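These are my notebook entries on one protein model. I set down what I looked up, entry by entry.

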Amino acid sequence: MIYRHGGEMNKFMADHMLGRTCKWMRIMGYDTGYPQCHSDNDILKKCKEENLILLTRDYEFYKRYSNSIFLDSPDFKEQLKQVVTMFPPDRELFFSRCPECNTILQTVKTETMGPGYDLVKSRYDTVKFCPGCGKYYWEGSHYSRILSQLNNIIKG
């Protein structure tokens, strides 16, 4: 894996201002938490306890934690470019995490999907399933657009 340090994958925490960036990092396979609280002290406590790299746009917050990265740009694509420059992604991990809850996705047979997925079942044998939030993901019409955006971000 490319973004490992000391044999373990780096784990990130995006502060409460970086929801969109967090989702896109998860799509790229980065283990990225998003705070359920808005207290900076609680976020810092979690980061310290779990050795997370804090991503923030808040310069004062950034200065409070040595294992943090200040993201310069307000644009999420530029923020992602900054992260991938420092921690190059592993393309094999793309689409391996739920963008909503960060759980690792499982490949399941479409026949296990409930009602309402007839079109998906007719086109695919397997899909990705999130055991954390119960959502399904498949390579639908927007998959190639997302992949194209990821490639553009990585190219810089």
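Predicted model: local features only at pLDDT ≥ 70, side-chain atom pairs only at ≥ 80, totals over all residues.

**Entry 1: surface and overall form**

Residues are numbered from 1 along each chain as its sequence is written, and side-chain values use heavy atoms, with hydrogens and water left out.

I then looked up the secondary structure and found six helices and nine strands in the protein chain. Helices (H or I, at least four residues) and strands (E, at least two) are DSSP runs, numbered from the N terminus. The radius of gyration of the protein chain is 17 Å, close to the 15 Å that the globule rule gives for 156 residues, so the chain is as compact as a globular protein of that length. This radius is taken over C-alpha atoms, and the rule is 2.2 Å times the number of residues to the power 0.38. Along the principal axes, the C-alpha atoms fill a box of roughly 50 × 30 × 30 Å.

Of the 156 residues, 41% count as buried. Buried means under 20% relative accessible area, exposed means over 50%, and partly exposed is in between (1.4 Å probe, protein chains only). I also looked up contacts, meaning heavy atoms within 4.5 Å. Among those between residues at least 6 apart in sequence, 50% join residues at least 24 apart.

**Entry 2: aromatic pairs**

How many aromatic pairs does the structure hold? I found ten. Rings of Phe, Tyr and Trp (its six-membered ring) pair if their centres lie within 6.5 Å; planes under 30 degrees apart count as stacked, over 60 as edge-to-face and the rest as tilted.

F12 and Y30 form an edge-to-face pair, with 5.7 Å centre to centre and 85 degrees between the planes. F12 lies in strand β3 (residues 11–14) and Y30 in the loop between α1 (19–27) and β4 (31–33), so the pair ties together parts that are 18 residues apart in sequence. Both F12 and Y30 are buried.

I next looked up W24 and F76, which form a tilted pair with 5.7 Å centre to centre and 40 degrees between the planes. W24 belongs to helix α1 and F76 to helix α4 (residues 76–86), so this pair ties together parts that are 52 residues apart in sequence. W24 is buried at 12% relative accessibility, and F76 is buried at 8%. Elsewhere I noted a cluster in which ring pairs link Y117, F129, Y136 and W138.

**Entry 3: helices α1 and α4**

Which residues of α1 are buried? They are T21, C22, W24, M25, R26 and I27. These residues pack against β3, β4, β5 (53–56), α4 and α6 (143–155). Just after α1, G29 takes a positive phi of about 95 degrees.

In α4 the buried residues are F76, Q79, L80, Q82, V83 and V84. Their cover includes α1, β5, β6 (68–70) and α6. I looked at Q79 in particular and found it buried at 3% relative accessibility. Leaving aside neighbours within four places in sequence, Q79 is in contact with L18, T21, R57, L71, S73 and P74.

**Entry 4: a residue of α6**

Q149 is found in helix α6. Not counting residues up to four places away in sequence, Q149 touches W24, F76 and K77.

**Entry 5: positive phi outside glycine**

N51 is not a glycine, yet has a positive phi of about 55 degrees. N51 lies in the loop between α2 (40–50) and β5, and is exposed at 57% relative accessible area. N102, also a residue other than glycine, has a positive phi near 80 degrees. N102 sits in the loop between α4 and β7 (106–109), and is buried at 11%.
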